[in-house]
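Happy to go through this structure with you.

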Amino acid sequence: VRDGYEVIVIGGGVVGASVAYHLTRFGCDEVLVLDRGEAAGGGTAKSCAIVRTHYSVTSNTELAVASIDIFRDFPRYLDHDDVASGFINSGYLIVAPPGETADMMSQNLDAQREHGANTFAIDPAEATRLHPLLDFSDVGVIAYEPESGYADPYLTTSGFMTAAKRAGVEVRTNTPVTGLLRNGDNVTGVVTPNGAITAGTVISVMGPWTGDLAGWVGADLPLEVSRHTVLTFKNSEPYPPDLPIVKDLTTANKMYFRPSAGGVVLVGTGDHGEPIAQADDMSAPLPDDFVFLQGTQIANRMPSFADAGLVDSWYGPYDITPDWNPVMGRLDGIDGLYLAYGFSGHGFKLAPAVGRNIAQAVLGLQTDVDIDPYRPSRFSEGDLLVGSYGIGSIS
Ligand SMILES: Cc1cc2nc3c(=O)[nH]c(=O)nc-3n(C[C@H](O)[C@H](O)[C@H](O)COP(=O)(O)OP(=O)(O)OC[C@H]3O[C@@H](n4cnc5c(N)ncnc54)[C@H](O)[C@@H]3O)c2cc1C
């Protein structure tokens, strides 16, 4: 077992895989990725993997716009014929109730276009042409993103890992990091059950398990972890795989739904979810009233789903920060450590550009996007990245 890497990446989720690949893209290939389980086995495994550019925080839109290009052109971007992101260009519809939310959404569309997003408002006739099953009678505004869609979280993560490994990156799974090596205020490596491993820089991308890192460095890293439920429903007719994704801001839990394999519709929520003390706590029984609520909301938006049946369900963890936006950067007073966490339910779509910009920052290069707004100190400075939709993964 060798020791002494330029960079150790803790966490082999989609963000860690993208960081590892992009380090090699910018010339750093002495990289080790460690995961306590399997790559893509954490929050990434449970992701609905929706890729859209609608945000009110414009730096999120910039990262999403840059990422969408990578999802759409994955093998060419990675210069590898045998990788795929599984991206399906279904398009994305977002609807808001009349009044304040509709007005705000229209303003956000202007800002998104200024930051490179292909998005615009459409009328109900056009929306019905795109998605004939939807009822738009109660909505104030409908926006459409023709280039958006959904991808495959496992394929995307393993694609980045494959390209990273080809460039020399080592990946060790089933290897938990249990602490950091320190020399005063300098992080010099990691501790694992098989021994310590040194590195010039350690990058923590531990997702919902980042509370462990806070303990190791003795820092206050604001983070709440919650359990989210995804349901799939099936109607008498298979749900076509190319129907646009729908985000429904008329619902209190900011419901979204999209096609999924086997002719089902996959339904999730963009709200807080169930608070949990441990990110591994995924064993609760499925509440009947939640299934009923989601079934009712789906039938309101798609009347033909009034008699649809529940097919499957799963839970996944969100790592939520106080402003529902990710943290990326260094901690004041600690050298040799870079961290990214708190993707608050919307990190999959950002991961390609996030990995690229983190790699640039760690290697001392100019970043494509200004990621200073995501710095960890923003919480203590009171300079939060507050979005206009309130809490939720559409920050
Ligand atoms: C139900 C659900 C639906 C979602 N839908 C969407 C969506 O439609 N669109 C979107 O953009 N985002 C979505 N998200 C969010 C998105 O999936 C996440 O933000 C993203 O996958 C986070 O990736 P990550 O690499 O930061 O974290 P993770 O995938 O959780 O990876 C962290 C990794 O760190 C490892 N790790 C932790 N501790 C240690 C340790 N001590 N030592 C070694 N390894 C360690 C873990 O094993 C894990 O593999 C969804 C999330 C959920 C749960």
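Q: What makes the largest nonpolar core a core, and which residues have the most contacts inside it?
A: The largest nonpolar core has 50 residues, and Leu23 and Met328 have the most contacts inside it. A nonpolar core is a set of buried Ala, Val, Leu, Ile, Met, Phe, Trp, Tyr and Cys residues joined through side-chain atoms within 4.5 Å. Buried means under 20% relative accessible area, exposed over 50%, and partly exposed in between, with a 1.4 Å probe and protein chains only.

Q: Which helices and strands each supply at least two residues of this core?
A: They are β1 (5-10), α1 (14-25), β2 (31-34), α2 (58-72), α3 (74-78), α6 (153-166), β19 (337-341) and α9 (351-362). α1 gives the most, with 7 residues. The names follow DSSP runs numbered from the N terminus: helices are H or I runs of at least four residues, strands are E runs of at least two.

Before going on, a word on the model. It is predicted, so local features need pLDDT of at least 70 and side-chain atom pairs count only at pLDDT 80 or more, while totals for chains, interfaces and linings use all residues. Residues are numbered from 1 along each chain as its sequence is written, and side-chain values use heavy atoms, leaving out hydrogens and water.

Q: What is methionine 328 in contact with, leaving aside its neighbours within four places in sequence?
A: Contact means heavy atoms within 4.5 Å. By that rule methionine 328 meets Leu63, Tyr338, Leu339, Ala340, Phe343, Val354, Ile358, Ile371, Tyr374, Arg375 and Pro376, with neighbours within four places in sequence left aside.

Q: Which residues are included in the second, separate core?
A: That core has 28 residues, including Tyr5, Leu32, Leu180 and Leu337.

Q: Why are α2 and α9 called roughly perpendicular?
A: Their axes cross at roughly 110° and come within 7 Å. Angles of 65 to 115 degrees count as roughly perpendicular, under 35 as roughly parallel, over 145 as roughly antiparallel, and the rest as oblique. α2 and α9 are therefore roughly perpendicular to each other. The axes are lines fitted to C-alpha atoms, for helices over the stretch in contact, and angles run from 0 to 180 degrees between N-to-C directions.

Q: Which residues of α2 and α9 meet, and how many are nonpolar, polar or charged?
A: Leu63, Ala66, Ser67, Ile70 and Phe71 in α2 meet Ala351, Pro352, Ala353, Val354 and Asn357 in α9. By class, this contact has 8 nonpolar, 2 polar and no charged residues. Ala, Val, Leu, Ile, Met, Phe, Trp, Tyr, Cys and Pro count as nonpolar, Asp, Glu, Lys and Arg as charged, and the others, Gly among them, as polar.

Q: How do you know whether arginine 301 counts as buried or exposed?
A: Arginine 301 is in helix α8 (residues 288-301). At 2% relative accessibility, arginine 301 counts as buried.

Q: What makes the pairing of arginine 301 and aspartate 248 a polar contact?
A: A polar contact is a pair of N or O atoms within 3.5 Å; within protein, one must be able to donate a hydrogen and the other to accept it, and residues adjacent in sequence count only if both atoms are side-chain atoms. The side chains of arginine 301 and aspartate 248 are joined at 2.8 Å. The arginine 301 side chain also reaches the backbone oxygen of aspartate 135 at 2.7 Å.

Q: Why is proline 259 called buried, and where is it?
A: Proline 259 has a relative accessible area of 0%, so it is buried. Proline 259 is in strand β14 (residues 255-260).

Q: Are alanine 49 and tryptophan 324 buried or exposed?
A: Alanine 49 is buried, with a relative accessible area of 2%. Tryptophan 324, at 4% relative accessibility, counts as buried.
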